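Student: I am new to this structure. Please take me through it, one chain at a time.

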Amino acid sequence: MMLDARGYSCPEPVIMLKKAMESPETEYEMMVDNRASLENVTRFAKHNGYEVEAKQKGDDYALRIFRK
Amino acid sequence: MNFASEKRAIIIAGLGIGMLAALLVLAGNPANMGFCIACFIRDTVGGLGLHRAGAVQYIRPEIIGLLLGSFILSLIRHEHAAKGGSSPLTRFVLGFFVMIGCLMFLGCPFRMILRLAGGDWNALFGLAGFAAGIGIGVIFLRRGYSLKRTYALTKLEGAVMPAIQIVLLVLLLAAPAFIFFTKAGGGPGAQHAAVFVSLGAGLLVGALAQYTRLCMVGGIRDFILFHETKLLMGFAAIFVAALLVNVAAGNFHPGFAGQPVAHTDGLWNFLGMWLAGLGCVLLGGCPLRQLIMAGEGNTDSVITVLGLACGAAFAHNFALAASGAGPSDNGKVGVMVGIIVVLIIAAVNTFRSQKA
């Protein structure tokens with residue numbers, strides 16, 4: 001599932017991910033455009049037992065959030 | 001940054017900020033008011049003559065420092081980014097009424113902690129209202145409340161607010177005849193630390209808050225929403241450090257009556273901070289956080305700060321602000337109107353996004 005949270009400030013990107021996690025999917029790709037969102041989304045995903053890989057793409061960050 | 005070091009950083013920052021806030025009182029700031037974003041924006045607006053309440057007029061260097069501290073550190077960390085366009089006028093109105101709520105309580109969420117650390121138990125009513133207001137805001141957030149996304153803006157947009165701070169600093173230092181200063185003994189506006197002490201403390205706290213993303217509203221909000229405690233720890237650390245310095249310096253006076261720049265009307269302390277708590281959740285951060293994000297180039301936060309400033313001017317021009325004697329009748333009407341307006345904004349922006 002692809003989540004585009006660019007332009008949104010916290011807590012909205014985390015809420016987006018939280019809602020998405022209610023689906024049966026186990027892997028999410030997410031775009032955020034600020035470091036506060038990157039940190040908050042990463043923290044939330046890890047607390048919920050997910051792994052996070054983040055890559056910087058220009059001014060944005062691309063995250064892959066998945067179960068090991 | 002891993003979680004343990006994130007939490008350690010915010011606790012250390014919170015302890016430093018709480019200590020600085022209590023020390024600013026020893027250096028001359030009003031009691032339990034080392035920092036108060038609402039009060040200091042109100043004083044600055046008064047210094048510029050936008051309201052004429054003679055007791056509260058002084059361009060507070062703390063505000064200038066907070067914004068510039070965040071601006072400088074965000075530049076160094078490559079986090080400065082000019083952006084905006086997320087319902088700016090709605091944010092202005094929310095900022096306006098957050099200020100009306102804060103001036104009913106007589107302090108922003110930051111000062112609420114400092115009042116508690118000084119033994120002012122009236123702030124317990126404020127804290128209860130604040131948490132309750134945040135709780136209502138979280139209900140809207142969970143149901144999809146959003147002011148929609150921001151967009152990238154030109155670099156100049158992100159530099160305007162920091163430039164305005166330099167202008168304010170020049171006006172403070174040059175003190176031309178058209179800038180107002182509360183006369184000695186004339187009220188809280190006359191109580192202040194030396195300009196460079198205040199400015200330095202502001203710069204330091206601004207940088208710490210930028211680094212840790214400290215936010216009084218975020219602490220309670222994230223705990224309710226995600227059971228996340230990082231920001232709440234910063235909140236607690238400020239309280240502990242300010243309390244320790246206050247006790248050591250003999251500035252801890254527990255009780256309800258006779259507290260500095262405070263009143264004992266529990267209901268209106270509760271409702272004032274209820275309005276501020278809900279308004280700040282809808283804005284995405286407390287007044288301190290808005291200043292920090294304004295320094296980072298977020299023009300929506302700049303508009304929010306201007307809304308706070310406009311609210312402060314109206315609060316004194318229309319006699320909405322409470323005083324040590326208690327709330328005014330006009331102020332009670334102002335808070336009730338604010339509660340209605342803010343609830344309408346919350347409902348419309350939740351309902352609309354469900355349809356979209």
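## Chain A, then chain B

Tutor: Of the 68 residues in chain A, 53% are buried. Buried means under 20% relative accessible area, exposed over 50%, and partly exposed in between, with a 1.4 Å probe and protein chains only. This is a predicted model, where local features need pLDDT of at least 70, side-chain atom pairs count only at pLDDT 80 or more, and totals for chains, interfaces and linings use all residues. Residues are numbered from 1 along each chain as its sequence is written, chains are lettered from A and ligands numbered from 1 in the order in which they are written, and side-chain values use heavy atoms, with hydrogens and water left out.

Student: In what order do the elements of chain A run from the N terminus on?

Tutor: Chain A has 2 helices and 4 strands. These are DSSP runs numbered from the N terminus: helices are H or I with at least four residues, strands E with at least two. The order is β-α-β-α-β-β.

Student: What is the radius of gyration of chain A?

Tutor: The radius is taken over C-alpha atoms, and the globule rule is 2.2 Å times the number of residues to the power 0.38. For 68 residues the rule gives 11 Å, and chain A is close to that, so chain A is as compact as a globular protein of that length. Its radius of gyration is 11 Å.

Student: How many residues of helix 5 of chain B are buried?

Tutor: Helix 5 covers residues 109-117 and is mostly covered. Among its buried residues are B:F110, B:R111 and B:L114. Just after the helix, B:G119 takes a positive phi of about 90°. The buried count is 9 of 9.

Student: Which backbone oxygen does the side chain of B:Q57 reach?

Tutor: B:Q57 lies in the loop between helix 2 (37-47) and helix 3 (61-76) of chain B. B:Q57 is buried, with a relative accessible area of 6%. Not counting residues up to four places away in sequence, B:Q57 touches residues including B:D43, B:H51 and B:F180 (contact means heavy atoms within 4.5 Å). At 3.4 Å, its side chain reaches the backbone oxygen of B:G46.

Notes
Polar contact = N/O pair within 3.5 Å; in protein donor to acceptor, adjacent residues only side chain to side chain.
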